[in-house]
Structures are given as structure tokens and as C-alpha cells.
Amino acid sequence: MGKTPGYVRALQYSTLAFAVIIVFFPIYSIFVGAFKSKVEFYQSGLSLPENFFNFDNFKRVFKVGKLGLGFQNISIILAVTLTGNVIIGTMVAYALGRFDFALKKPIMALYLIAQIIPLVTTQVATFSVIKALGVYNTIKAPMLLYLGADVLQIVIYLQFVASIPKDLDENAMVEGASFFKIYRSIIFPLLGPATATLIILKTISIYNDFYTPYLYMPSQKLKVVSTAIYSFVGPNAAQLNVISAGILIIFIPTVVIFLLLQRYIFAGVTNGAVK
Amino acid sequence: MNISYKVQRYIILFGFLTVPLVLLCMFSLYPAVSLFYFSFTEWDGLGFDQKWVGLANYKEIFMRPEIFGAFKNNLYYFVGGILQTAIALYFAIILNGRLRGRYAFRVLLFLPYVLHSVATVIMFKNLYHAEYGSINVFLGAIGLESWQQMWLGNPKLVNYSLAFISMWKYFGLSMVIFIGALQSIPRDLYEASTIDGASSWQSFRFITLPSLRRVIELMLVLTLTGALEAFDIPFIMMLGANGTSTFVIQTVDMAFHFEKFGLASAMAVVLLFIVIFFIFIQRKVLFREGN
């Protein structure tokens with residue numbers, strides 16, 4: 001490719017800079033707001049806070065906004081769901097990827113159909129299932145709803161299973177290993193990179209989900225991060241500085257995950273689109 | 001282990017697939033099927049006293065103009081989504097070149113996608129605040145008081161303000177997907193065309209665009225279905241008030257607020273068919289192109 005002329009480069013950099021400003025203006029404004037006292041917030045506009053060690057807003061939002069409880073509940077949900085989800089996803093991928101049987105295609109089709117159905121709309125009916133199981137307003141409701149594998153997960157796992165040489169299975173069988181042992185000691189470990197990507201993407205999406213906990217766990221004791229900040233903002237809409245502190249704290253976990261594990265996230269996102 | 005592999009095969013297939021399939025049926029397929037049944041009944045969502053009313057709910061949907069009228073608000077998210085796709089493609093092409101700092105830019109522009117969604121909406125609620133919101137404060141500070149707006153209070157502006165949040169959050173995602181697709185185009189295609197004397201516009205028009213066709217189509221359908229299902233931004237921001245209610249907000253309200261589960265189910269079925277219709281069209285177009 002030829003060399004890009006200088007004025008084109010300049011244009012490219014200025015549009016990029018503009019986009020970065022648009023992305024970071026909102027984040028900057030809550031970042032500085034989070035460290036300001038109430039009076040300071042309403043008087044100082046967008047300038048830097050007087051004191052970056054003013055953590056009053058953070059203390060307040062933790063206490064009144066129940067963020068601590070929110071983080072605790074979402075951690076429990078994530079730990080249980082992700083463990084179960086990885087086991088279920090790898091099991092399905094092993095069964096579908098390594099065995100030929102009559103129901104294989106219909107099962108894939110069922111997963112595809114489930115993907116097409118817009119989840120928000122079927123909540124009316126899902127709600128009745130959750131109630132019938134007696135788990136409404138318990139922490140088990142979101143756990144059950146997040147547990148199942150989705151088609152994206154299965155497609156990604158199946159690609160990985162296909163790339164594991166069948167020789168490995170056959171050698172193990174010569175040595176007398178059972179199918180379960182092959183799954184546990186060959187397939188499951190070799191799916192590691194895919195599992196890492198999927199865990200990260202699922203963590204972000206479950207952490208972000210508002211609708212499921214809002215609908216299925218209205219109890220005060222079962223607040224997760226999304227529902228906690230949602231109900232905190234309701235009656236306290238005036239205190240923009242305290243709200244800013246809450247937003248900043250809630251942003252931190254996924255930003256840290258993203259910065260440390262970008263490679264997996266980009267791989268998962270790009271993979272997902274090619275399906 | 002002395003069980004024959006034939007028996008083991010059955011054990012594995014049965015043992016590994018039962019639980020996942022039960023979950024799939026219970027939380028995805030059964031609700032979808034029962035949705036159809038509910039849509040023909042009158043039901044308050046409690047107990048099992050559904051009353052069969054035939055097509056009455058569907059008639060009501062088509063008789064009450066305000067129900068379909070809500071799709072007008074979904075349109076803002078659709079237009080925003082198309083704009084977002086175009087902007088994302090532009091930046092993807094730039095960042096796919098040999099630009100210094102391209103990895104850093106990719107990370108910075110993708111960042112909004114990983115930010116917590118409810119917190120993001122609330123952040124914009126602060127930003128749009130008429131008196132103390134950062135946008136109006138900023139406009140005041142640089143002497144553009146006349147540009148200050150009631151971003152959420154003005155019914156003519158509010159839907160644009162909300163659709164912008166969706167663009168802000170998802171454009172980095174579209175960009176990264178485009179970059180992935182661009183990287184899968186073989187480099188020698190470009191080299192060959194340069195040797196043949198093609199301009200950079202010509203290589204874009206005759207190599208890049210055709211190779212991206214599939215991804216662009218996919219993104220447009222995702223934009224369309226995403227816009228049809230738009231829900232959380234207007235709901236979290238204003239509970240659908242001030243003329244921001246979308247079709248899904250109306251459906252959810254009908255069910256959980258007005259306790260008309262039958263009518264809500266019928267609305268959900270209508271939406272389901274619209275979404276499936278568009279996915280079907282896309283598949284058709286795709287297969288035709290594939291041959």
C-alpha cells in the first residue's frame with residue numbers, strides 16, 4: 001500500500017480525537033464530580049475537585065445505596081452461575097462435537113430458535129415458570145435464568161472441540177480411558193481459552209443485567225449492583241455528586257477486567273459476529 | 001472402567017444433554033410456546049384462571065392506535081443505530097491501517113461497551129440535567145448559552161438524547177466487529193489492486209465493501225431488531241414518560257402494571273413475528289448471495 005498523504009492522516013487523527021472526547025466527556029464529568037462536596041459540585045462546574053481525597057460521597061453511596069450488599073449478591077450469583085454454565089456449555093459441546101446421533105441437528109436447531117426469540121418479550125411467560133418453581137424473589141431465580149448455555153457459547157465451544165485432534169481421544173481409548181475421563185482430562189482443559197473468553201463476556205453481561213434481578217428479586221435484601229443504583233437514584237435525584245461517586249465505583253470492576261483481559265474480549269466479540 | 005463404549009456413549013449423551021435441554025426448554029422454549037396460548041386468553045397473571053377469548057387481544061392491538069404508535073419511538077433507535085454503524089465502519093477502516101496508536105484508540109473507543117449499563121444511563125441523566133448537567137454547564141462556560149437545552153424535558157429532543165446513549169455505548173462494539181472482518185480480507189488483494197493502478201477509493205469500493213457485505217448486513221439486522229426491542233434506556237431514564245415509551249415498555253407495562261397478561265402476550269407475539277420476519281428476509285438475501 002502507498003504512503004498515506006499528510007493531510008489525510010491529519011484528518012484521521014482529528015476525527016479520532018473528536019471521538020475520544022465524545023467518549024470521555026461524560027466519564028470525565030462524573031469522575032471529577034465524585035470527589036466534590038455538594039456546594040462545590042453546584043458551583044465549580046467542570047473543573048477538577050479541590051480535594052481528590054474527599055471520599056465522603058463514596059461512603060455515603062455505600063451506606064445509603066446498599067452498594068456493598070449489591071456487590072456481595074452479584075458475586076454470589078456470578079460464582080454459582082459461571083461454574084454451572086461452564087460445565088453445562090462444555091458438556092453440550094463435547095456431546096454434540098464428538099458423537100453422531102439422530103437428535104444432533106434438532107438440538108442445534110432448538111438452541112438457534114431460542115436465540116432468535118427476543119428475551120424481553122417472553123418474560124411474561126418466564127415469570128409464570130419462575131413462580132411455579134417457587135423461586136420467585138429468591139437468589140435462585142436469576143441463577144437459574146443465567147445458567148443455561150446460549151447458542152453463541154455452544155458455537156464457540158464447538159469450533160474449539162473441532163480443532164482438538166481426534167487422535168488424542170483415540171489414544172486415550174486405547175489406554176482404556178472412559179468417555180467421561182476423555183471429557184474431563186482432554187476436552188475440558190483444552191477448551192480453556194474459549195472458557196476464559198466466555199467467562200469474561202458472561203461476567204460483564206450478568207453484572208450489567210438490570211431486567212432479570214429487577215423483575216425476579218424485588219426484595220430489599222436481594223439487591224444487586226444494577227438494582228441498588230437504580231433505586232438509589234430514584235429518591236435522591238438531586239445529589240448529583242453522590243450519584244457520580246456510585247457510578248464511578250460501579251464502572252471500576254468491568255473496566256479493570258477489560259484493561260487486563262482485552263485480548264479475550266476482542267476475540268470473543270469478533271468470534272460472535274462471524275457465527 | 002469396564003463398561004463398553006457403546007453403553008458409555010448412551011450414558012454420556014443422556015447424562016450430558018438432559019440438564020442443558022431441560023433448562024433450554026423450561027426458560028426459553030416453553031415460555032415462547034405458552035406466550036402464544038396466553039395471547040388468546042384474558043388473564044391477570046395470577047393463578048390459573050385464564051379465560052379463552054380467541055382473537056380479541058389481537059383485535060385490540062390493531063384497534064388501539066397508541067399501541068402500534070409506540071413503534072414511532074423505536075424509529076429513533078433505528079436511525080441512531082444506522083448512523084452508529086456508519087461511524088463505526090469509518091473508524092474501523094482508519095484503525096485497520098498503519099496508524100500510530102491504533103491499538104490505544106481501539107481500546108479507548110471500545111471502553112463504553114464494557115461500562116455498567118444502568119450506571120451509564122444514570123451518568124447520562126446527570127449529564128443531561130437541565131441546570132447542573134455537564135453539557136449545559138460546558139455550553140455556558142464557552143459562551144454558547146443559546147445552545148443550552150432541556151435535553152430530557154423537551155419532548156422534541158428527548159428521544160434523540162436517549163438514542164444517543166445507545167450510539168455512545170455500542171459504536172465501539174460495532175467498530176471492533178468491523179475491524180475483525182477487515183482483518184480477514186487477504187492483504188494481497190489490496191497489493192494486487194495497487195499494482196493494477198487502483199486508487200484507494202477504488203480498492204474500498206471494489207474490495208473492502210464487497211468483503212464486508214455480510215457483516216454489514218448482519219449489523220443492520222441486529223440494529224433493526226435491537227431498535228425494535230429497545231427498552232432499558234428509556235425505562236431506566238424516565239420509565240417511558242414524556243413520550244419516550246417504546247413498544248416493549250408498553251408490553252411490560254401492560255403485563256406488570258395493568259396486569260393484562262393476555263393482551264401483553266399478544267403484543268409480544270406480534271413483536272416476535274416482526275423480528276422473525278426481518279431475520280428471515282436477511283437469511284433469504286444471504287443465501288441468494290451465497291450461491
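Trainee: What makes the contact between E66(B) and R64(B) a salt bridge?

Mentor: A salt bridge requires a side-chain nitrogen of Lys or Arg within 4 Å of a carboxyl oxygen of Asp or Glu. The N to O distance between the side chains of E66(B) and R64(B) is 2.9 Å, so the pair meets the definition. The model is predicted, local features needing pLDDT of at least 70 and side-chain atom pairs pLDDT 80 or more, while totals for chains, interfaces and linings use all residues. Side-chain values use heavy atoms, without hydrogens and water; residues are numbered from 1 along each chain as its sequence is written, with chains lettered from A in the order in which they are written.

Trainee: Which residues are linked with R64(B) in a network of salt bridges?

Mentor: The network joins R64(B) to E60(B) and E66(B). The closest N and O atoms of E60(B) and R64(B) lie 2.6 Å apart.

Trainee: Why is K202(A) called buried?

Mentor: Buried means under 20% relative accessible area, exposed over 50%, and partly exposed in between (1.4 Å probe, protein chains only). K202(A) has 12% relative accessibility and therefore counts as buried. Its salt-bridge partner is D150(A), with the closest N and O atoms 2.8 Å apart. D150(A), at 24%, is partly exposed.

Trainee: Which parts of chain A does this pair tie together?

Mentor: K202(A) lies in helix α11 (residues 192-208) and D150(A) in the loop between α7 (140-147) and α8 (151-163), so the pair ties together parts that are 52 residues apart in sequence. Helices are DSSP runs (H or I, at least four residues), numbered from the N terminus.

Definitions and conventions:
Helices (H or I, at least four residues) and strands (E, at least two) are DSSP runs, numbered from the N terminus.
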